[in-house]
Amino acid sequence: MKTKLLSALLSAAMVATLLVGCGGSSSTPASGSASSSSDGGKIGISMPTQSLERWNRDGSYLDQQFKSAGFETVLTYSDNDSGRQVNDIQNMLADGVDLLIISAIDGEALNTAMNEAAEAGVPVIAYDRLIMNDAVSYYVSFDNYTVGKLQGQFIEKTLDLSNAGDKVYNLEITAGDPADNNAGYFYNGAMDVLNPYIEAGTLNVVSGQTDFDTVATNQWSTDTALERAQNVLSSYYADGTQLDVWLCSNDSTALGVAQAVTSDYAGSNSVLITGQDGDEANLKNIVDGIQTMTVYKNVSNESIVTLALAKAIMAGETIDESLIPSFGIDCAYDVESYETSAGNKCPSFLLVPSVITKDNLQELVDTGLYTMGDDGYLSAAQ
Ligand code: BGC
């Protein structure tokens, strides 16, 4: 039987540091016996779904990283069903995992499992998406507000909005899943750039649909985004009104919007469509001029940071910005931006996103994570 990592080797002080959640409240140390320092330990990795491309990559990178570092892993995907994710995490706890890495389907719906993790003294790293529970020890993600800001700034720069004069550009907006804490950050980051132009009349949202709840997309579904885009196009653009830009928070929604624009838009201009992630189908659309940009997030690096953080947590090391040089990855330590409950800040390691267009696809190839075929399309390297 695998023994617990958290116990005799750690001093009481170390255990206290390690088990302090985002809320600053400490929880009971894990029961179970000491492990030798050479024991790896067991890591529970709970991913949301295999239906969205990136989580397959995250799950497999995390799994590989932890296995090559000598850990045992349990990896689950919960099919975008948060009840099932609670179950999956409970099973991991029953299985004696020493640390949990969780990307939540619904950041508000994991309390039962999180409270059990706290009772068992199992540290939790919220991975990419924050969980609204103080049992979360640390958060690893990208700078989510900056993701949205990069999309907004791309639109601003490409259309030269600050010099637009009397020119008016028509814009539509598709945001992410309201259950995903990230979705609001992406939306706000972009809208903080675009709102002044909407207020000045340089950008005109013809449908009038601007508020987050109206433009949100449950579960980031491509089909839902497609359906809404078709409705917007048939209701507001069928008379030949020109559509210039469609702000999409990520690639799965951009895929649906691009499909609607390709098949249902009456105009002939190319519509600027934003995205996020670098999913293969979207990179193909970028090559083909159907999507204009994506905000790339290197999730292999996200898994490397997560492994380094998990090791530091389990070794009882001090967790702060002094860890960053050992990651070898550009990243910020942020203790202000994220809260797991009102007033309870969650220490976060935030990686840096970047803009990809058809002009710098080579940068993705240079990461070693993609290859470019003779046709110019990119595929994930295996
Ligand atoms: C992630 C995005 C992703 C979206 C849908 C978000 O939480 O940060 O990278 O596109 O979920 O999977």
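Leaving aside its neighbours within four places in sequence, with which residues is A229 in contact?

1. A229 is in contact with T174, G256, V257, A260 and V261, once its neighbours within four places in sequence are set aside; two residues are in contact if their C-beta atoms, placed from the backbone, lie within 7 Å. The residue is found in helix α8 (residues 222-237), where helices (H or I, at least four residues) and strands (E, at least two) are DSSP runs, numbered from the N terminus. A229 counts as buried because it has 27 C-beta neighbours inside 10 Å; a residue is buried if 20 or more other C-beta atoms lie within 10 Å of its own, exposed if 12 or fewer, and partly exposed in between, with C-beta atoms placed from the backbone. T174 is 55 residues from A229 along the chain, and the C-alpha atoms of A229 and T174 are separated by 8.4 Å.

2. A word on the basis of this note: the model is predicted, local features need pLDDT of at least 70, side-chain atom pairs count only at pLDDT 80 or more, and totals for chains, interfaces and linings use all residues. Residues are numbered from 1 along each chain as its sequence is written.

3. The chain has 382 residues, of which buried residues make up 49%, and its secondary structure comes to 13 helices and 18 strands. Among contacts between residues at least 6 apart in sequence, 71% join residues at least 24 apart.

4. Apart from its neighbours within four places in sequence, L100 is in contact with G44, S46, I89, M92, A117, V122 and V124.

5. Seven strands form an open sheet in the order β2-β1-β3-β4-β5-β15-β12, with mixed pairing; two strands pair if DSSP finds at least two bridges between them. At the edges, β2 (72-77) and β12 (331-334) each pair on one side only. Strand β5 (residues 136-142) pairs with strand β15 (residues 348-351) in the parallel sense over four bridges, and the bridge partner of Y139 in β15 is S348. Helix α3 (residues 82-94) packs on the sheet, touching β1 (42-47), β2 and β3 (99-102), and its direction makes about 175 degrees with that of β1; axes are lines fitted to C-alpha atoms, for helices over the stretch in contact, and angles run from 0 to 180 degrees between N-to-C directions.
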